[in-house]
Amino acid sequence: MSLRSSRTGHLQSLSSCVKWHRMESIANSLLDTYSDLLCHQSMILAINSSFVDPLVQFESQLSIIESSFRKAFAIPTLEIVKTMGTNAGDKEELESVYMSIFNMYEDTLLILVSKDLYKLQILKEMMNWMNEDNLYFQERVMVIISRVLSFASKKARGQTSVDAPCLGVLAAELSLLCYHTDPSIVQQASSGMYYLLSIARCQNGDMDTAKATKNYGSGSNDFLLSLDLQVLPQTMNQYKTKIAQSVGQHLLPSLLTDFVWSLLKKLSLPDYKTASEAANMLKLTLESHAQKVTMVSMIVDTIYQQIRGDFSHTMKHAMLRVITLLTRTSPKKVIFQLMDYPLPADNTLKLMWEAAGYESSVAPQVLNTILLILKGKPGEMEETLMERRRFSLDATNMMPVAASQALCTFLPVGSYKKAVAQLFPQLLMGLMLQLFYTSQLRVLPQDRPLFARDALRVLLNCSGLQEVDLALKKKNCWNQFSQVLFHHHGVYLIAKALSEHNFPQFPETLHYLYKTSVEGPRRSEDSIITIIFLTELLNNFFKDPFPEEFLVLFRDWVNDSNPEVSKLSLQKIASMAPVINEIESACSLITSILDAFLSKEKTVVIRALLTLRRLLGRLDKVTYSSLCTRIASSYCPLMDHNNGGIRSMAIRHFGELLRDMSQYTWMLNHVILGGLVPLILFLEDKEQRVVKACKYTLDICASQLKWSTSYLLKDENYNFELVVVNICNNLLTSNENQITDLISDTLGFMESTRVYLRRGAVILIGYLAKLGECFLLKEEMTVMFEVIDKLRWDEDPVTKEMAEITYHILKEIAYKMTSSTIKKTFRRIFRFIYTKKLKPFYNWNKDLICSDNDIKEDNDIKEDNDDDISTKE
């Protein structure tokens, strides 16, 4: 018995000894922790008082604070520490050391925050450290955070500006802890949220409530301090809604964005409960305050990357809901970002498009944003970063192609029906333009899907035009759009099919086309599609002539910078020739055609010549006579055009105008003489069509002026020199006052690159000089001498020979000239009494003269004819 008692006493003594040693160890650990925190506090205060760079200072202090945190909050709970004491005194002593540790840590934080509210960021880091390890004393951490926030809220009231950029992230962490399973943590998190929102109100400049009450604890956020932890589920839902509304109301946009961003990251946590609560808070916040959120594009991109990385993500629907809510307030930002991903769209992107389409209230804004994107040209390079208005995955703009594919998702949405109907014309034209652009795009593979074509078909079917779609399908229109050359004809077929089925959207479409045409398209290619589509619609719904408003458009398009637009317009104007006299603005229409004569594109000039001739054939004589002088004058510059087809047409049409206006010869005499020189010189043209046109027109001129020249223009009688002599002799008897002007016109051809023009000009100038020797002045003779002297050294031997003869003629004239005014007058009077007709003195015979330059020129003409287009209408 004594042995058993001895052993029991020994064990009790041993247990007491172990317990004492353990208590001593814990006590020493607490003291060491306290000592470390005291040392850390000294270091932090020393850094706080130094003139170190603020960023370096904060990073150093944060490192020390983290070390203190890991020491302080790794110690056991107070209840465990108390059990280590053997008596009340020990327990009291341990508790004192224990509380001193946390008070020390709290005091350090208060000192830092009292000097700079920016250092509230330490609380955000504390939340992160706390979440890293569940062994940390979470309740005590929350108590300190709540107290520091309470202190900061009082300090913020006395400041004009509050620099606390961490409030958004900190609010996100606190909002989730408000749903914690531990009531004490919920209580502290709720209090901390209250004080945080109080700081946010000061930061937001919302101080009215604070000034109105002495007790800052009363206000719209009081529910956070009076939380009943035993509430019903429906009451808790109201509590969550209030938190979300308060956060959205008081946080600045940048901080609210941080709040949303932090919660979004929580959706990827493995803890489903936390992720679910974050999703719920996101939903509640964005439903009320999504308009304040910035960095929308980055949020959308983050959601895309997360779903794409894990398509079976548990929070996928919550993320898509975020897209829907952001679309409600920022449709333009969301849509632009959703159009900026690689093509074709993957399943993730299609899901996000569907999510954006759920918000029917912004359907018009969504579609208008897509239309804005459709104005871009796929594959167009953005030249400089300064010109780029968006974040893009590539400098090559492929957003319009993505927008076309996205419309296949948005257009069929039932809630979008009204918006689609309102924007039908814009969508129709936008997709037709995209279809044109993408058919020319080379960066996509040959078997690429034509999203614009698919979207166009969806648009027709969603707009009650299924019959139009079927009609175009029967004509194999849709399958041929991949061919570049088919597109213009395809646009014509679409317009025709719509017209044949009397599509009800015609008035709106016509109005939109007119408005677009008046404002002017972004690109010249747009005009081509517009004019083809508009012309066909007008042809089917109006009889010629078109209403005056549309005629103005066609008149303006005649001189468009794009040659194709000009030709299409001229072609339509030509078709209205039968009703030209019914058009009020016929004169302005013809004037615009005359302006097209100045085009650098020869095909436009040819089309303008043909159109004008067709109109003049039907124009009434009164209007014709008022315009004939200007029209005739417009033909003259084209007689010297470098294209043979244009030369021949201008010359022939000039003659036809003279024939039409035979009753108004007195109005056109000066114009005839103005075009006489080129008509004479181009008789020697290398192209037979030009020669024939010259003979045709000169014959009409001779008839109008009553000259006896016609027989010399017949092929069997033709000789260039004889024609020149005959015309000069006729001028001597009827138009001698015009000789000086004719000499001036002829001198203009002396420097021509075409040999036959130089030869003809040299001969003509000789006869004109001889004809006008009584009227020429010394200054005029000096000019002629200079020009002819240069041609005496011409590379063409025939030209040199003719120039030598002309030079001698000029010398004879100069020798006979007198400075006496009386003698000049006498010679002129004598000339009227006795006129001596000119005789040939060049002995010109073209058939016997041929040089190397003639052969070379013939070859050039042949090459020019190979490239020339047919001038037949």
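**View 1. How much of the chain is buried.** Of the 873 residues in this predicted chain, 52% are buried (under 20% relative accessible area, with exposed meaning over 50% and partly exposed in between, using a 1.4 Å probe and protein chains only). The chain exposes about 41000 Å², and carbon and sulfur atoms supply 52% of that (Shrake-Rupley areas, 1.4 Å probe). As for the model, it is a prediction in which local features need pLDDT of at least 70 and side-chain atom pairs pLDDT 80 or more, while totals for chains, interfaces and linings use all residues. Numbering runs from 1 along each chain as its sequence is written, and side-chain values use heavy atoms, leaving out hydrogens and water.

View 2. The chain has 42 helices and two strands (DSSP runs: H or I of at least four residues for helices, E of at least two for strands, numbered from the N terminus). Take the contacts (heavy atoms within 4.5 Å) between residues at least 6 apart in sequence: 74% join residues at least 24 apart.

**View 3. The largest nonpolar core.** This core has 279 residues, with Leu120, Met126, Met339 and Phe533 making the most contacts inside it (a core is a set of buried Ala, Val, Leu, Ile, Met, Phe, Trp, Tyr and Cys joined through side-chain atoms within 4.5 Å). Helix H38, residues 755-771, gives the most to this core, 11 residues.

**View 4. Around Met126.** Setting aside residues up to four places away in sequence, Met126 touches Phe69, Tyr105, Leu109, Val141, Ile144 and Ile145.

**View 5. Arg453 in helix H21.** Arg453 sits in H21, residues 451-462. Arg453 counts as buried because its relative accessibility is 18%. Beyond its neighbours within four places in sequence, Arg453 contacts Leu435 and Trp478.
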